[in-house]
Amino acid sequence: MKTLLARKQTDEQRTLNDLARYQFIMAMMNVDESMLIPYLKDNGSFLGYMNKWQLMNYLRKQFNRIQPFLFQSRLREGISLDIYAGSDTFEVSYAPVTNIDMTSYDENQDYEMFFNNSKSFKILLVVIFENGKITDIRMPKKIAYKKQVSRFQIEN
């Protein structure tokens with residue numbers, strides 16, 4: 001007799017989780033922690049010990065590090081290798097824009113210079129979705145980024 005170790009998501013659950021995922025990404029990229037409140041599970045445990053209001057305070061403190069109104073944000077997705085192995089990870093990098101010169105704007109410029117200065121920072125999170133709600137958020141130590149995963153697939 002076969003025993004299933006994991007339940008398969010229904011189409012409705014998959015749709016709800018995708019919506020919560022997109023809302024999470026938009027909230028993190030726009031530095032808007034209040035956008036997450038309806039998507040956080042009431043009795044969830046976040047970052048190991050926080051409830052949802054403590055998580056909101058933590059995110060507000062992180063976002064207050066970006067003082068100017070103009071900033072660059074970048075999202076890199078990956079797969080967690082240690083906490084909730086196999087789950088999606090989100091690395092959101094923030095960097096303030098200080099010198100604005102629209103006459104020298106170039107589409108092909110290297111954006112790494114924005115994210116390698118001393119005022120920039122990043123938040124790396126593993127997010128677990130369940131029935132359209134975020135049930136857990138953790139900080140992983142080891143991750144494989146999407147580019148690395150495709151390279152590993154080719155090499156294997």
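Mentor: One definition before anything else: helices (H or I, at least four residues) and strands (E, at least two) are DSSP runs, numbered from the N terminus. This is a predicted model, where local features need pLDDT of at least 70, side-chain atom pairs count only at pLDDT 80 or more, and totals for chains, interfaces and linings use all residues. Residues are numbered from 1 along each chain as its sequence is written, and side-chain values use heavy atoms, with hydrogens and water left out.

Trainee: OK, how many helices and strands are in the protein chain?
Mentor: The protein chain has four helices and five strands. Their order along the sequence is α-α-β-β-α-β-β-β-α.

Trainee: Which strands does β3 pair with?
Mentor: Two strands count as paired if DSSP finds at least two bridges between them. Strand β2 (residues 88-96) pairs with β3 in the antiparallel sense, over six bridges. Strand β4 (residues 133-138) is also antiparallel to β3, with five bridges.

Trainee: And which residue is the bridge partner of threonine 89?
Mentor: Valine 126, in β3. On the β4 side, isoleucine 128 has aspartate 136 as its bridge partner.

Trainee: New topic. Is β3 mostly covered or uncovered?
Mentor: Covered: eight of the ten residues in β3 (residues 121-130) are buried, meaning under 20% relative accessible area (1.4 Å probe, protein chains only). Across the 156 residues of the protein chain, 35% are buried.

Methods. Buried < 20%, exposed > 50% of the residue type's maximum accessible area, 1.4 Å probe, protein only.
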